[in-house]
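Open the model in your viewer and keep the sequence panel in view. Have your selection tool ready.

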Amino acid sequence: MKSLVQGIQGMLAIGILFFTPSAGAETVEEMFSRGVRSFEDGRYDEAAGAFSSLRDRFGVNSPDVLVNMGAAEFSLGRPGRALLAFHRAMQAAPGSVAADTAAINAERVRADLNRSQGEHPEKDGFVFGRYHDAWSATLGWLNPEAAVAVFLGFWTLLFGSLGLRRLTERRRFARLLSGVAVAAAVAAILTGIAAFGAVRVSGYRVGVVLDQDTALYGDPASLEESMILPEGLEARILDNRGGFARVRLSSGREGFVSAGSMGFP
Amino acid sequence: MTGSKACSPTTLGWGGSAGWRGILPAPTRVGTGTLQCLAAFLILWVPLSVIAQTHAVHVIPDRKSISMGQQLSVRVVIEGRVDAVKGPDLSDFHVLGKSTGTSISIVNNQVNQKQTIDLTLSPRRPGDLTIGKVRVMVAGDVAASSGPVRIQVGGQGATKAPPGAPARKGGAQTPSRAPGQAVPSPSPAPPAAVQADRRKAFLQARAPDRPLYAGEPVYVEYVLYAGADVPVQGIRVETPPELKGFVVEQLAGSPDRGRQVRLQGSRYEAHVQWRGAVAALESGEAILDPMTVTLFVGDFFSQRRYRLSSEPVRLDFKVPPARGRPADYVKGTVGRFVVSSGLDKDRVQVGDSAILTVEVAGTGNLRAVKDPAIRAMEGLRVSSVPTADLDELVIDQGGISGKRTFQYLLTPEREGTFEIGRVSLPFFNSLSGRYERTRTPVIRLTAVGGGTGGPTRPKGPNHDVVRIISQSDLSPHAGSRVTGIDPLVIMAGMLLPLVFFLGAEIWSRRRDYLSRNQGSLARRAALRKAEKQLSRLSASKGEDPASFWAGLDAAVRGFLAARFGFSAIGLTHEEILETLRGRGAPSEVARDLVAEMEACAFGRFAPSAAMERDREGALQRIRECLKGLDKVED
């Protein structure tokens, strides 16, 4: 019995020796703090390295890390990667403080890009902003789930009142149900359009151009680009074909971009 | 006249004093004859009319009184084809510039050639100076001559320009305007004034009559002048000016409705057809190319169209001189500007920010003005804020006027008073022809409280534009994560009300159907119902005779009531027989049935052993009778 206890103690000692972290290692919290300090001291490359290590090597999937990574990338003059990180942060935790911060940062990056655009007239023609089309411009603000719920409510009211109207034998009640059905039909049409648009917009996949002067091709097989896209431009991803992404710009123009030059949140 | 000069103009006009209807020459009337006739008429008519032309020479100074240091523009107009021009004697003047142009106008069926010589002179001395005679020679003879023109030249700044005289470059007559103040409208160019007395309508490009510089936005307008007695019905722009070699910003808005002007004693209505600011891309000569409009003249009953083109106008754009150019001068900063600055608050907490606003207001190439560099003391972080939306630029007669706004966030990182150095903007004043500089005063910002004077963050690219999150538990906090909408839920939500509605519809329709077809359905079901009753009676073999025969009788009567719609209760067998016959039942079957009904009556009230043994036979016979009756048509 004594020898058994001694054996267990020995194995514990060996385990402790093996698994005690070395003095030079740092925790993910320490790495995060190091990234913040680096950023505040203006060592943006170190900050970007720390935050990307947290995410890529240590699997820290916090939107805070993404926000800081985007800030560091932007400060390093890489607005495309910054916007990509902010998009990821917004998608990771919608409605959170981190997502709000990411949204504000993204707007500032776009404003800065637009401002620098004015200083480089040769880049004229692009306006940096969130991807938008007619649907997103009119219904992008709607919460798709709420819109669908409201639509289903009116839909149920419409057919419920129609069904009850058929069942009832009281004329006054039937007339009341007819009025309810007409109103519900109008509301269902309107909320149906709104819900369709909101769901459609929420399903958009938006990518970010990561490389300056990225070529947009009319066809993947084309050798001649139809447009040169600046870094940081946001476009809707319609499809992925091989090494190309079919994208649609806010202007409505469509084309193919090398998938390696696009960031997909 | 150093800025704009007419070059080889070819004008087509009409004139005279007999009113527009009687004097309009055929070549300018479009649509009143065929083009072939018009061409033939011109070929025969032009040479004859040339012979008939007269010669004249006019010397027209822009003013009669100037001071030393000022410039004088003189236009010499020579009418008619001449062999040579002699004079004028300009020994009292320095000739600073000279340009010539020729125009041909067709007036009252006569072709008139007009040569203009524009001279820019500077007096050599004060006093009464003379511009000598100008003589024009035709075939060795003096065809026409002008008289000498006396110019009174005073000391430096001693004289004033006559009212309405256009500003000239340099000297005391062209003081620098306050920035932001529009330069007066360019005065009508001399060609219009000279030729106005002979033409009823003409189109003219107008540009400022002063030295112009490359990059400077210049207000240009194309004005259609129509005589006051010309009944203008409408104007249509045929070809707008192309203005190649310029950066053009056209002034939005419809052309004006016309304003009254007086040129050389004649009243005109001026209609602006195009206006905007143009900036020459390079120094040197640039042309305001012609614009063509169609003028509709007439009244309700008759209308004629005249096609008018402006003369090309040559503009000479200079480069700001190298001499006196400040080291920090930014190329293209031409105009008159004033820079001002201010803080939204002059006292902030350490770490908080104040907004420094720098405004550059004035007239000229405001777009060339770059973000001023802000010189701040150490410990004060300066970051610029995007402010393009605060710029207010308008195109006016001064070219482009307005203001550019630049904003900066000033964030003190320690306590103390910080001085923000003067913001200085050098520019080339296109009116004075000199480099000038505008500055702001020194501004002070006081930072109080809290700060321990932490390290000054080194300036990186846009590091203040974005924010970071300093504290985090690194959890993938979900927020209000959007889980997406399950299509099955949507489908179910849409299908359930539909199913309910369809069920209600079907139920309702069935109810209506039954209610509508109650009688026929009962008739169809009579035999089935009777057979069920007979089967039940057949199954109950031990039943007492009275009940059996009563049940059998009830089944028959029930069939008759349902199938034929009459109640057999209270009717005699004879009446039943007659009724069945009346409903089309075969007599034999009816008789058999009535006989069975009588047997039932016997069975109920006087049962016998023979009848009891014949229960099944009775049931079978009655079945046959009912089947026979069921075949009767309704």
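This tour of a predicted model goes from a pocket to a sheet and then to aromatic rings.

**Stop 1: the largest pocket**

Start in chain A. Select Gln91(A), Arg130(A), Gly140(A), Val201(A) and Ser202(A). Of the 40 residues that line the largest pocket, these are the closest to its centre. The pocket holds about 1400 Å³ of space.

Now colour the elements around it. Helix 5 (79-92), helix 6 (97-119), helix 7 (134-139), helix 8 (144-167) and helix 9 (171-202) of chain A each give two or more residues to the lining. Strand 1 (205-209) and strand 4 (234-241) of chain A do too. Which element gives the largest share of the lining? Pick helix 6 of chain A: six lining residues come from there.

Next, colour the lining by residue type.

**Stop 2**

Strands of a sheet pair through backbone hydrogen bonds. Zoom in on strand 9 (residues 135-138) of chain B, which pairs with strand 10 of chain B over four bridges. Select Met137(B) and its bridge partner, Val142(B). Then select Val136(B), whose bridge partner is Ala144(B).

The hairpin of strands 9 and 10 of chain B has two residues between the strands. What phi does Ala139(B) take in this hairpin? Ala139(B) has a positive phi, near 55 degrees.

**Stop 3: aromatic rings**

A search of the whole structure finds 19 aromatic pairs over all chains. Take one of them: select Phe246(B) and Phe317(B). Their ring centres are 5.9 Å apart and their planes meet at 65 degrees, so the pair is edge-to-face. The pair links distant parts of the chain. Phe246(B) sits in strand 16 (residues 246-250) of chain B, and Phe317(B), 71 residues away, in strand 22 (residues 313-318) of chain B.

Finish with both chains shown. Select Phe151(A), Trp155(A), Phe159(A) and Phe501(B), which form one aromatic cluster.

Terms used: Residues are numbered from 1 along each chain as its sequence is written. Chains are lettered from A and ligands numbered from 1 in the order in which they are written. This is a predicted model: local features need pLDDT of at least 70, side-chain atom pairs count only at pLDDT 80 or more; totals for chains, interfaces and linings use all residues. Side-chain values use heavy atoms; hydrogens and water are left out. On a 1 Å grid over the protein atoms alone, a cavity is a set of points where a 1.4 Å probe fits but cannot get out, and a pocket is an open set with protein on both sides within 12 Å along at least five of seven lines; lining residues have an atom within 4 Å of a point. Grid points are joined across faces, edges and corners, and a volume is the space filled by probe spheres set on the points. Two strands pair if DSSP finds at least two bridges between them. Rings of Phe, Tyr and Trp (its six-membered ring) pair if their centres lie within 6.5 Å; planes under 30 degrees apart count as stacked, over 60 as edge-to-face and the rest as tilted.
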